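Please keep the sequence and the model in view while reading.

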Number of protein chains: 2
Amino acid sequence: MYDQILALLENKKYLELKEVLSDMNEADIAAILEDLPMEKVPLLYRILPKELAADVFVNMESDTQEFLIRAFSDTELREVLDELYVDDAVDIIEEMPATVVKRILRHTDPEVRNSINEILQYPEDSAGSMMTIEYVDLKKYMSVDDAFTRIRRTGVDKETIYICYVTDENRKLLGIVTVKDLLLSEKSAKIFEIMETNIISVTTLEDSEVVTEKFQKYDLMALPVVDRENRLVGIITFDDAMDALQDENTEDIEKMAAITPTDKPYLKTSVFETWKTRIPWLLLLMISATFTGKIISHFEMALQTYVVLTAFIPMLMDTGGNCGGQASVTIIRGLSLGDIEFKDIFKVIWKEFRVAFLCGITLAAANFVKLLLVDRVTIAVAAVVCITMLLTIILAKLIGCTLPIFAKMMHLDPAVMASPFITTIVDAFSLLIYFGVAGLILKI
Amino acid sequence: MYDQILALLENKKYLELKEVLSDMNEADIAAILEDLPMEKVPLLYRILPKELAADVFVNMESDTQEFLIRAFSDTELREVLDELYVDDAVDIIEEMPATVVKRILRHTDPEVRNSINEILQYPEDSAGSMMTIEYVDLKKYMSVDDAFTRIRRTGVDKETIYICYVTDENRKLLGIVTVKDLLLSEKSAKIFEIMETNIISVTTLEDSEVVTEKFQKYDLMALPVVDRENRLVGIITFDDAMDALQDENTEDIEKMAAITPTDKPYLKTSVFETWKTRIPWLLLLMISATFTGKIISHFEMALQTYVVLTAFIPMLMDTGGNCGGQASVTIIRGLSLGDIEFKDIFKVIWKEFRVAFLCGITLAAANFVKLLLVDRVTIAVAAVVCITMLLTIILAKLIGCTLPIFAKMMHLDPAVMASPFITTIVDAFSLLIYFGVAGLILKI
């Protein structure tokens, strides 16, 4: 597809090109524009059929959007802006430098500009920042027929028409009516008779995680956003909720790998920015890891007597880290999915203890055989290594499962308590156990 | 809420209870049923207003569903089954033991039973297994008015009525019409005039990842599923796509932590099952980690001469593991979000090299100061540690960023190439570098 379009563009077959583009999906066209050499982007964009142009624009990456806006004449800019939903406009503006933002706002009409400015004031990742103000509102004494008339008249520009919101004269949210309800009711029925009054909503300052949780729990198509007086200010649609869900997952995964989350795609982030997201954690973890060094220094004499013990330190530490990481990641995910709550902490500890015991016994046994047959160490040394392994694994799993829950209790993000931190903590303990057990068995 | 309901239940105020329940959302009632002592579940369930009961049932966990089905009379069972969408019925059946499945199928009417059996044959996580067969189909020569009549007549039982599918006499998918299109068109307009023929669809055997990708890329509300002859066999709705997306994320996260993914919630998984998901990876990683032991044994003499070097092994290995983990997780996520593709491999390597160099210099410098001031080692030893650190970090980031891409090239899941594996590989290399650098500088 890409090659075909590039060929048409280079051979200046613009009419044919327009034909091909008009049959394509906006997301696919946007993807092709992204891959095109920058200088060709405005040319192809201008060939796009008018009704597609704004949709394609929304689907592009912010750097291409910025490039295009700079290339636009004032009229072209206004044409695109007129077609945008307010929430899309806000998403675009949030990524633009100040000069471009000013130019955009200068060319939006005053009413929309006010809405944009309002949404821009909500904190990032709040329900307010995710919402759009384009919804269909109905009044409770309308008939079903009136409702359809209203939907037909105002529906074109709404992000969804399938869920309509019944408000009173003060914009207070009274009920919800779906188009399905409307279609399946008598034309003369009144809205208040068919509306659902048991409303699931969020307030503007609620976190995006609450929003995505509600979408999943209640299988919603749209979620109304209200202010503290229960006045309807906007709605969030399922597609934006899905995007938010994916962003939350990316954030969690990054935190679990000791990276400060960003919302820029990897290849669009500069080396320096990437460095900034990684270095604080690396420094912190490196400094924490010096404790393990201290412990080894402390037991230098023991190691000199039994140099063979040194060889097993990496394996013991890695296994402890892996076991702790498994437990912590399982619990972190369980917490974020709502499968695990505070009150389950003792269930979790008891379960992890038993899993750890099973894992520990298995690994220690496998290791014992290997130590005697392959490494040919003495039984005493093998015993030291295997007992340490069992104890380390139990400790690692217990630390791994409790720290995320404690983090959540203290309103920290549990995701931070994943492998890197657990590993660093478990390392120190595993060494203490190792030298402790060695002292007892080998009398050093 | 839970306490109020429990109190009403225990005081046998069933009428009042029914009142309270009928105002509640099905997902909330299901959550309360989950928390109730098992023996009270059937009682509360039977109090539920009829029209809510099936919706509540769908929202419960599979073990509670099983318990309820066993408590149901045949009539009760049939009442619930009649209300279920086919895809929900399939989801429930998939989790039940064979005896319960037989009983369920015996009480479903033959046509639905055939559909259920058909869907059950599709492989897990395929588009076919996710779809429902309850969609609205229209014919191309219908008028808008006819279409509304058909929607009104058949729409009650459909999972969505907002997207309608235009098929020919052989069930071939010709186009898609939204209710928005219908509402905004003339009543006499013909379906073929307003339908969208540029259709985004999947085939039955397509993987769920392809499904969720399309939902996100094209902001879909529903996605048609066709067979190889382009015959429409079902649709997938956005709420199921969102659930699938969340499952995929959980799977990725588990794989990244070296856990075999399961789809059971943590607290519902037995200790033995949890052990089974964890132990193969732990064993594999433990065995791989013995290489590092071999390397240390090999350089035993060097370590005996410079015992101080041992103290820095854990820190070097941890830092290497953390750096590699950051790179690999970033790339794994980028690959799964579609931000990174094969062709970007050299861009990725070049970027990670520069990030690694910056991180390496920063950490090595911080470490150098600390080694001289806090640990008070000789400049030569400090140099050995810091040069090793820089080289290890560069190597770790390069291994971390390339292995996931190679895994994807070989059609393996990149998520397996996360921290645990990278750590094990980087450990061995970091030791080799350490002893190599020590040999050069300290002449041992």
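In which helix of chain B is Thr423(B) found? Thr423(B) is found in helix H22 (residues 419-442) of chain B, helices being DSSP runs of H or I with at least four residues, numbered from the N terminus. The model is predicted, so local features need pLDDT of at least 70 and side-chain atom pairs count only at pLDDT 80 or more, while totals for chains, interfaces and linings use all residues. Residues are numbered from 1 along each chain as its sequence is written, chains are lettered from A and ligands numbered from 1 in the order in which they are written, and side-chain values use heavy atoms, with hydrogens and water left out.

**Thr423(B)**
- Thr423(B) is buried, at a relative accessible area of 18% (buried means under 20%, with a 1.4 Å probe and protein chains only).
- Apart from neighbours within four places in sequence, Thr423(B) is in contact with Asp318(A) and Gly321(B) (contact means heavy atoms within 4.5 Å).

**Relation of the two chains**
- The same surface serves both copies, as 100% of the contact residues of chain A recur in chain B.

**Interface**
- Contact between the chains involves 111 residues of chain A and 111 residues of chain B.
- Chain A and chain B bury about 10,000 Å² between them, 67% of it on carbon and sulfur atoms (the accessible area, 1.4 Å probe, that two parts lose on being put together, summed over both).
- Leu183(A), Met242(A) and Tyr266(A) supply 8% of the area that chain A buries against chain B, more than any other three residues.
- There are 6 salt bridges between chain A and chain B (a side-chain nitrogen of Lys or Arg within 4 Å of a carboxyl oxygen of Asp or Glu).
- Arg278(A) forms a salt bridge with Glu352(B), with the closest N and O atoms 2.8 Å apart.
- Helix H17 (residues 271-298) of chain A gives the most to the side of chain A that touches chain B, with 18 residues.

**Cysteines**
- The whole structure holds 0 disulfides over all chains (pairs of cysteine sulfur atoms within 2.5 Å).
- Cys359(A) is in no disulfide, and the nearest cysteine sulfur, that of Cys323(A), is 5.9 Å away.
- Cys359(A) is buried, with a relative accessible area of 0%.

Conventions. Buried < 20%, exposed > 50% of the residue type's maximum accessible area, 1.4 Å probe, protein only. Helix = DSSP H or I, 4+ residues; strand = E, 2+ residues; numbered from the N terminus.
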